[in-house]
Amino acid sequence: METTMTAKALRGGEWLIAPSEAHDTFIREDFNEEQKMVLDMCHQFLETEVLPIIDRIDKLEPGLMPSLVQKAGEQGLLGTSMPEEYGGLARDFITSTLVNEGLGGGFSFSVAIAAHTGIGTLPILYFGTPEQKSKYIPKLASGEWKGAYGLTEPNSGSDALSAKTTARLSDDGKYYILNGQKCWITNGGFADVFTIFAKIDGDKFTGFIVERGMEGFTQGPEEHKMGIKGSSTVQLYFQDCKVPVENVLGEIGKGHLIAFNILNIGRLKLCAAALGGARGSAKTSAEYAKTREQFKIPIAKFGAIRHKIAEMAIRIWVADAALYRTANWIELKERELREAGKSFAESLLGAAEEYAIECSMLKVYGSEVLDFVVDEGVQIHGGNGFSDEYLISKAYRDSRINRIYEGTNEINRLLTVDMVLKRAMKGKLDLMGPAMVVQKELMSIPDFGSEDEGAFAKEIKYIGQFKKAILMVAGAAVQKLMMQLEKEQEVLMNIADMAIEAFHAESALLRTMKLAEMRGLEAVALERDVMQTFLYDAADKINKAGKDALNSFASGDELKMMHIGLKRFTKVEPFNSKDARRRICDKVLADPGYFL
């Protein structure tokens with residue numbers, strides 16, 4: 001199935017120095033009929049199979065979660081983008097992304113599904129031999145077998161390559177003998193197939209396919225967690241575990257390629273699932289606000305509550321814009337690589353690696369949008385939000401993990417800047433040229449000439465200025481700190497926050513502009529409210545992050561000059577965001593599906 005977009009995508013990170021066109025941007029409103037049907041199928045599955053028994057799921061009722069995973073497989077929800085030869089539906093990357101979003105409101109079930117279809121299946125699909133793929137993928141795609149992934153150890157989380165689990169070849173050369181343990185293994189209590197990482201001879205970091213029942217392989221009891229209580233989480237133990245040599249996954253000593261490439265895709269898919277969860281919690285909170293009365297009127301009529309509901313809608317809508325913009329880039333790159341003769345696995349892995357920067361930003365922003373929505377949702381529910389009788393309390397507890405796994409948000413912020421700078425050093429991104437232009441502009445008299453014309457000219461200029469602010473701060477940090485920059489994590493995170501805000505602001509603008517092309521300017525007044533409110537707030541956030549960075553390494557006249565530049569680059573016209581939020585809230589209360 002083809003997507004509706006065929007335009008050439010920007011390269012990963014190139015959005016920072018190159019303009020994007022609205023008509024080249026894929027947005028949710030571009031979904032074709034089949035994609036809409038798939039999304040509806042996901043929602044129906046949650047409503048009929050998952051949400052009615054959510055309390056049973058949270059109690060880890062034996063056999064319940066595996067049976068739900070298998071039911072999802074029977075409906076084709078596990079193999080959306082897998083090749084037909086392995087029992088998949090061979091759909092495009094956007095469709096597989098919206099499956100993650102569509103099932104994202106299923107609490108612990110969403111976690112189990114995401115782990116199974118992502119890290120539980122993709123390592124074998126992308127790195128397995130033909131024999132391994134033929135043996136495992138059809139049963140994983142159907143849900144007959146369930147998948148899990150073992151990378152984290154008690155003393156190696158973000159520093160995954162410091163893992164202590166070892167593997168040595170048996171004397172007869174038929175097995176690798178694994179010793180060690182893995183922790184926080186999602187689906188670990190019921191999975192049939194595990195991708196496990198160990199060091200051969202103590203140094204060659206390598207992936208292995210381990211099956212339940214292999215000699216020397218045992219699991220610990222279920223962990224008692226703050227949230228996602230219905231998600232199976234156990235430790236795995238390997239005591240002279242015999243793994244056949246034919247179960248080595250990928251090349252010996254190159255397990256890091258599996259671990260890190262799979263995470264790129266997982267980060268984008270986590271954003272999608274978080275978006276689905278945020279939609280559900282925002283709708284729940286809006287409905288509650290309409291029916292809950294205080295002082296004899298619904299609390300939805302109070303300005304403080306209306307602000308919260310509108311802000312939920314704004315952040316969800318903006319996250320959606322950035323998610324599908326990036327998913328389409330990956331889809332286009334994958335198609336380009338396939339046409340160039342690359343294999344199925346090489347194409348998708350190459351596409352995901354190309355947009356690893358954007359995937360990290362999406363993971364951070366999506367998980368933090370969900371956290372914001374559930375936190376404000378509890379506040380809207382008041383005391384009832386603290387009661388287990390209301391789903392929002394479960395959503396609040398379940399959301400917190402998203403900022404930790406698939407790489408903590410701190411790690412992903414650091415990676416965002418690190419990857420951009422490394423690509424610049426390798427000549428893949430020309431940051432130096434644009435950065436020098438910004439430096440010259442700082443020394444010149446501001447241009448107060450005539451403004452460009454057009455319905456969105458002002459906002460287009462804002463986005464361009466935001467990017468200049470990033471280039472100015474990042475360029476100054478590189479020049480000033482040089483090799484010490486990697487140790488200045490606070491500065492790197494400031495720059496990452498600037499980039500994340502700017503990328504999402506641009507995505508919101510492009511979505512609004514494309515909708516105006518599709519529907520006419522007057523028909524997108526509410527979307528303009530969303531976009532303009534977000535840009536208005538983003539300007540202050542970018543300014544604050546930029547000042548914090550500059551203040552930590554610059555001084556004197558140089559600092560004053562860059563502060564003036566930063567103020568110029570983040571200046572926006574006064575905007576009545578209160579009234580805009582009120583209009584947005586009115587629409588959410590009248591028609592939740594419009595924004596949520």
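## Buried cysteines and helices of a predicted model

Cys42 is buried, with a relative accessible area of 0%; buried means under 20% relative accessible area, calculated with a 1.4 Å probe on protein chains only. This is a predicted model, in which local features need pLDDT of at least 70 and side-chain atom pairs count only at pLDDT 80 or more, while totals for chains, interfaces and linings use all residues. Residues are numbered from 1 along each chain as its sequence is written, and side-chain values use heavy atoms, with hydrogens and water left out.

| Residue | Relative accessible area | State |
|---|---|---|
| Cys42 | 0% | buried |
| Cys585 | 0% | buried |

A search of the whole structure finds zero disulfides, a disulfide being a pair of cysteine sulfur atoms within 2.5 Å. For Cys42, the nearest cysteine sulfur belongs to Cys271 and lies 16 Å away.

Helices are DSSP runs of H or I with at least four residues, numbered from the N terminus. Helix H9 (residues 303–339) packs with helix H11 (residues 356–381) at an angle of about 160°, and their axes are 10 Å apart. The axes are lines fitted to C-alpha atoms over the stretch in contact, and angles between N-to-C directions run from 0 to 180 degrees. H9 is therefore roughly antiparallel to H11, a term for angles over 145 degrees.

Helix H15 (residues 457–481) has 25 residues and spans 36 Å from its first C-alpha to its last, close to the 36 Å expected at 1.5 Å a residue; the expected span is 1.5 Å times one less than the number of residues. Just after H15, Met482 has a positive phi of about 45°.

Definitions and conventions: Helix = DSSP H or I, 4+ residues; strand = E, 2+ residues; numbered from the N terminus. Parallel < 35°, antiparallel > 145°, perpendicular 65-115°, else oblique. Buried < 20%, exposed > 50% of the residue type's maximum accessible area, 1.4 Å probe, protein only.
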